[in-house]
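Hi everyone, thanks for coming.

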Amino acid sequence: MNTLIRNGQVVEDGWQWIDADEALPAARLETGGRFLLPLALWLAHRASLDPARAGVWLGPDDELEPVLPWLADMPLIAIRFPVFTDGRGYSLARLLRNRHGYRGELRAVGDVLRDQLYFLHHCGFDAFLLRADQLPHEALAAFRDYSWEPVTGRRVLPSM
Amino acid sequence: MYLYNETDQRLVDDRVVQFRDQMTRFLDGRLSEDDFRPLRLQNGLYVQRHAPMLRVAIPYGTLASHQLRKLADIARRYDRGYGHFTTRSNIQFNWVRLEDTPDILAELATVQMHAIQTSGNCIRNITTDQFAGVAADELFDPRPYCEIVRQWSTLAPEFLFLPRKFKIAISGGAEDRAAVRFHDIGASARVAEDGRIGFEIFVGGGLGRTPMVGKSLKDFLPREELLNYFEAILRVYNRYGRRDNKYKARIKILVKDLSLEGFAKEVEDEWSWSRGGPASIAEQTFRDMDAFFARVDYAPADADDPAYRQALHDKRAFARWVERNVAPHRANGYAIVTLSLKKTGAPPGDAIAEQMDGVADLAERFSAGEIRVSHEQNLVLPHVARKDLPALWEGARALGLATPNIGLLTDLVCCPGGDFCSLANARSIPVAAAIQQRFDDLDYQFDLGPLELNMSGCVNACGHHHIGHIGILGVDKNNEEWYQVTIGGREGARAALGKVIGPSFAAGQIPDVIQRLVEVYLAARHEGEIFIDAVERIGLEPFKARVYGGAA
Ligand code: HEM
Ligand code: SF4
């Protein structure tokens, strides 16, 4: 099971992931629980979903425009890293946090490794669903890899 | 020179600790090869043909004597007693041991140095004009801006995993000695009519397999917007640059795909919200930064020193060296001296530990303890009183660093090629040596005048062959080393890419080919016309005809 780190703590992940090629699990939705939906699915059903129970996940090449009108009510946005060397998610995070003022949970998922946590955090991520082989307690130390602070204007640094 | 504050020092110290931990995890199998590779690259560590290679950053090419001594010390203790200065203000150690690299980085950190941003798909070491701050023809000193950009780009969290490497050059002069139009971003000093300071911004230049001259993205960017604007460019590139094909991943391809106008529109949109915001650079920052680079306090020196004049008169060899290796300084009675790392027979850009120590001493005696590294792979002493030139010359001669060939044919630029580099198609160092031997005669070289020859061992163009007046490129034909020759390339305001003269040659033919090219020039030149201008005037045909005869 992948480990979730949120605000510097190893925690249980209460969200169920719906993949891009899955259909909307209407029956499961009825049972309660919280779901992380791919952008297309989330957009198609947004009006009928309970905002508190429906998060959205973005791929690295998703545009942000479709979610911007609803940012204020969104509890969770996840950004998927297909491989850790794909850095697009870092810019999506900075745009969401800084340009668009998103305040909810911003979660990195996918190929998320200990050695990138410090930098992901500094781009505005406050939650990290680690790749399955990562050691959660070693990973927590990553937030203290540097005592130096990078020079980034308009940074909103989530507490850890 | 800039001195680290506590924050800078903490960063490099933390970095060493982090890398040591990563290396330990790699060596005991907890970090896979794939997960480790980008991490070691972000610390300048390559694995090359014979051994790991460590590339150390020399930000905007400035070194203090004690830093150069540390490089000598590392060369002796961890390598085979020498290092290679590159065209990008870095030094490479070719024979380090993987497990020693954390110790080497710790040594570097004690003198405010590191290997961050010397490789990997991040913003690389910032480069500038090797004469920055002292050149007689400069609009303003670019180094404070280089330092501001260095601080921002060092481990800039958003830009550690770009589609590809990203190179920024900043120059302060009317004369461009930093090849700004051959960088991903080039910034060239401008002063507006109302006196405001800023930069013209070029984007999408570069060499490699798709050479392109950078295009002007903005005529005038006020200096306080430098970081906001660079960040906008980088963000657009990070999001939209191609990641499916590493040969099409540089920003130049994105600019081409979107068109310059399309790209500019995206950048303007990004910039529109950060403009004037908190990352704008405060006046106070410029003042603080300027203070670091304020000129060394020059003792008033006489422009006309009798001993110097006498030496010029008495010693022909000294006079020649002054003619080629000494450049005008902005302060009266001072000069800028280039120490040639291009002595015939020594690999271009290489320096042995004793030479590094020797240069550190010379810099302390004669140049306020400061050394620069040029993108032509030479070392520069930027603050030399004219009256000290004879003594400095003697000192440089004793170190084998006084070859009076700056800007001449044997001052050639050359990558490590097949002797070291695993990407090479062909060796470059032996070919460079053969050319230097053929043209070693100084009278002949002086008669030829300024002529830049650049050589790369493969299409990655680390030796800048496209912008050599004569360029040589190693190519592979059925597993044999061949060399393609171009002419007509140049850097600076009239930047141009060289054109291939015809089918490639075997290594042994190259000195003859160069000989024929210069003979055509000698026969055709007008009074005072240099090689590259003659090529532009008469075109390729006469050169082709002479080199290939009827048989091509
Ligand atoms: C020996 C190890 C080296 C390796 C593996 C290496 C690799 C590469 C590669 C793959 C590129 C092409 C990048 C691209 O087009 O996207 C490149 C470009 C470049 N390298 Fe190297 N290089 C090495 C050494 C050097 C040295 C010793 C120098 C300086 C003498 C140097 C200076 C450059 C420069 C200036 C470019 C820029 C070309 C451009 O504008 O794209 N490199 N290098
Ligand atoms: S040009 Fe090619 S051979 Fe030369 S250093 Fe670069 S990658 Fe290696």
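Before we start: when I say contact, I mean heavy atoms within 4.5 Å. And keep in mind that this is a predicted model.

Okay, let's begin with B:Lys167. You'll find this residue in the loop that runs between helix 5 (143-153) and strand 7 (168-171) of chain B. Is B:Lys167 buried or exposed? It counts as buried, because its relative accessibility is 15% and the cut-off for buried is under 20%. So what does B:Lys167 touch, if we skip its neighbours within four places in sequence? Its contacts are B:Arg88, B:Arg124, B:His183, B:Asp184, B:Ile185 and B:Arg250.

Now over to the ligands. B:Cys462 sits in the loop between strand 17 (453-456) and strand 18 (470-477) of chain B. B:Cys462 also turns up among the residues around ligand 2, along with others including B:Cys415, B:Cys421 and B:Cys458. That shell around ligand 2 has eight nonpolar residues, four polar ones and no charged ones.

In soluble globular proteins, nonpolar side chains tend to be buried together. Here, the largest nonpolar core has 105 residues, and B:Leu71, B:Ile233, B:Phe263, B:Trp321 and B:Leu381 have the most contacts inside it. Helix 6 (residues 226-240) of chain B gives the most to this core, nine residues. Apart from that core there's another one, with 49 residues, among them A:Trp42, A:Leu49, A:Met74 and B:Leu160.

Key:
Residues are numbered from 1 along each chain as its sequence is written. Chains are lettered from A and ligands numbered from 1 in the order in which they are written. This is a predicted model: local features need pLDDT of at least 70, side-chain atom pairs count only at pLDDT 80 or more; totals for chains, interfaces and linings use all residues. Side-chain values use heavy atoms; hydrogens and water are left out. Helices (H or I, at least four residues) and strands (E, at least two) are DSSP runs, numbered from the N terminus. Buried means under 20% relative accessible area, exposed over 50%, partly exposed in between (1.4 Å probe, protein chains only). A residue is near a molecule or strand if one of its heavy atoms lies within 4 Å of it. Ala, Val, Leu, Ile, Met, Phe, Trp, Tyr, Cys and Pro count as nonpolar, Asp, Glu, Lys and Arg as charged, and the others, Gly among them, as polar. A nonpolar core is a set of buried Ala, Val, Leu, Ile, Met, Phe, Trp, Tyr and Cys residues joined through side-chain atoms within 4.5 Å.
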